[in-house]
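Hi there,

Here is the structure I promised to pass along. Have a look at it first, and then read on for my notes.

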Amino acid sequence: MLSLIQNEWMKWWVTKKAKIVLALYVVIAVGLVVIAKTNDISFDRSGYYSNTLTILTGLLGIITIVFTAEVIGNEIRYDTMKHLLMSPYSRMTIYFSKLIFSILIMLFQFVFIVVVVYAGSFAFSEAGDPLLFRDTIVELVNPIFTIFMTLFFALLFRSVGMIIGFTVLAQFFTAIVGGILLTLKPEIAKWIVFMHLDWSMYFKGTAGYGMGEVMGTSLTFSVLFVLAHIIVLFGGSILIFQKKSYT
Amino acid sequence: MLKIENISKRLGKEQILKDVSFEVSPGEVFGFLGPNGAGKTTTIRIITGLLEQDAGKVTVNGFDVVEERSKALTQIGAIVENPAFYPYLTGKQNLIHAKNLIPGLDQVDYDALARLVGLEGKLSKKVGEYSLGMKQRLGIARALLHNPRVLILDEPTNGLDPSGIAELREYLRQMAREQDIAILISSHMLSEMEQISDRYAIIDQGVIKSVESVRNETGAKIALRVNKEATTDVLEALRVANYPSEMLDEQIIITAPESECPAIARLVVPIADLHELTVKRLTLEEQFLQVTKKEGDSHAFAHTK
């Protein structure tokens, strides 16, 4: 399994876009420091940290869709899937290696973002509210869910463009519909999984605080609801990958 | 070494393979022939674990491809359809990728592999910059990476120039002989297969029509030219001696193996002036047509001269 993950890393790291994306995170984090300093925006350290982290993890969500789509989509594009499936490794092992790799590169980027943003926060002298580890960790829920969803779509479609398109459409369209329903019919909105990916809505002082109360849900409900969807997407992916012909 | 026993496969409503059986022994180069859509690639996909058969069994070095998949596939090196690579990786990185797909394979001498397939100094180039011939060579290097006991090559000479084909032919025969590897080559290039294979199977519409030795004498013919006035006597003598014969362009054509030449000469010389005696072996193409009786389909095959 480790050698399969090494292969995935090699295929990812040699591409220019891996480095471009990392550079982009730095540029945005530094850019926000410059903008704040030159425009007298009164950020304290925690204000810069939480705002920049939210922006960059939002970007990470989109980048995660692209990278995860390519993890399977590129094997189809280059007709290399058959070589993976002809190897002595089982299909289950191959799928797991791709899933674990997708999570690992997302975490790698996430840690990179946290380090860059944390370093950037020292440009501001005032400490402000203490930086909460909890608020940082909940930012991971959305990208992790995105990986499972993208891998599922990657097994349904053969083109990287279609995989990305459907994942983005599903995520943003249902989030918009959920947003509308939240004001009109919150009791229906709570059954849309995308409304449960931001767990910070249960913590005081965050932008989305109180949304759970409107929908009548608790953190436990959101956690279980997201987990149930992940299990369904994971189980569906395994079933499809075991049966699908790539020849 | 490679044993295919009564495999059948249905895809949708179509029966792709029906009761296909053949064996490839160590040290043997085995040709797998058939027109497009005959079932060659489906058979290869089943052997390499890409598809599962509905019935029958495939064993590689004694390991069942379905029941003992990992052990069986570790013994196989293959190119299926076309050699596919990651174009943004170098040749060497593609080989490292292939090495990582074989559990327990530690050291690989990439330079020796490159020398073997004529890609010295080329492994540091990105595969996207390779010609089709170079990709074929790299595909063969990848298939040989883990010293497999069975090598399966689906149309391996596609994209190779005549000298490349000749080199590959020589190399495969040498490898089969020296390393005792069983080699299965699927191709529609009949004259090329004739030069490279020891035996061959012909598959048509999912059914194995024939498994023969390339140098078999089935259908071999002996041609005689005698003085005109003795022709009738010679034909009668051959008929009495149970040699099927017929006249064709002033020649007497006898259906008999080469080994019968001395006996036929002894039969003819006392009753006619023997001007010419030649042996005509069937080409692989003629053998194929004889087996399938489908001359109209011969366009499915290409020839190399």
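This is a predicted model: local features need pLDDT of at least 70, side-chain atom pairs count only at pLDDT 80 or more; totals for chains, interfaces and linings use all residues.

Let's start inside. The largest nonpolar core holds 108 residues, and the members that touch the most others are A:Phe145, B:Leu2, B:Phe22 and B:Leu184. Another core, of 42 residues, lies apart from the largest one, and its members include B:Leu33, B:Met134, B:Tyr171 and B:Leu289.

Next, the second largest pocket, which has a volume of about 400 Å³. Which residues lie nearest its centre? They are A:Arg91, A:Gln242, B:Gly49, B:Glu52 and B:Arg69, out of 14 lining residues. Sorted by class, the lining has 5 nonpolar, 4 polar and 5 charged residues.

Finally, the strands. In chain B, β1 (residues 2–11) pairs with β2 (residues 14–24) in the antiparallel sense over 7 bridges, with B:Ile7 bridged to B:Val20. These two strands form a hairpin with 2 residues between them, where B:Gly12 has a positive phi near 65°. Strand β1 of chain B also pairs with β4 (residues 55–60) of chain B, again antiparallel, over 5 bridges; here B:Ser8 has B:Ala55 as its bridge partner.

Key:
Residues are numbered from 1 along each chain as its sequence is written. Chains are lettered from A and ligands numbered from 1 in the order in which they are written. Side-chain values use heavy atoms; hydrogens and water are left out. A nonpolar core is a set of buried Ala, Val, Leu, Ile, Met, Phe, Trp, Tyr and Cys residues joined through side-chain atoms within 4.5 Å. Buried means under 20% relative accessible area, exposed over 50%, partly exposed in between (1.4 Å probe, protein chains only). On a 1 Å grid over the protein atoms alone, a cavity is a set of points where a 1.4 Å probe fits but cannot get out, and a pocket is an open set with protein on both sides within 12 Å along at least five of seven lines; lining residues have an atom within 4 Å of a point. Grid points are joined across faces, edges and corners, and a volume is the space filled by probe spheres set on the points. Ala, Val, Leu, Ile, Met, Phe, Trp, Tyr, Cys and Pro count as nonpolar, Asp, Glu, Lys and Arg as charged, and the others, Gly among them, as polar. Two strands pair if DSSP finds at least two bridges between them. Helices (H or I, at least four residues) and strands (E, at least two) are DSSP runs, numbered from the N terminus.
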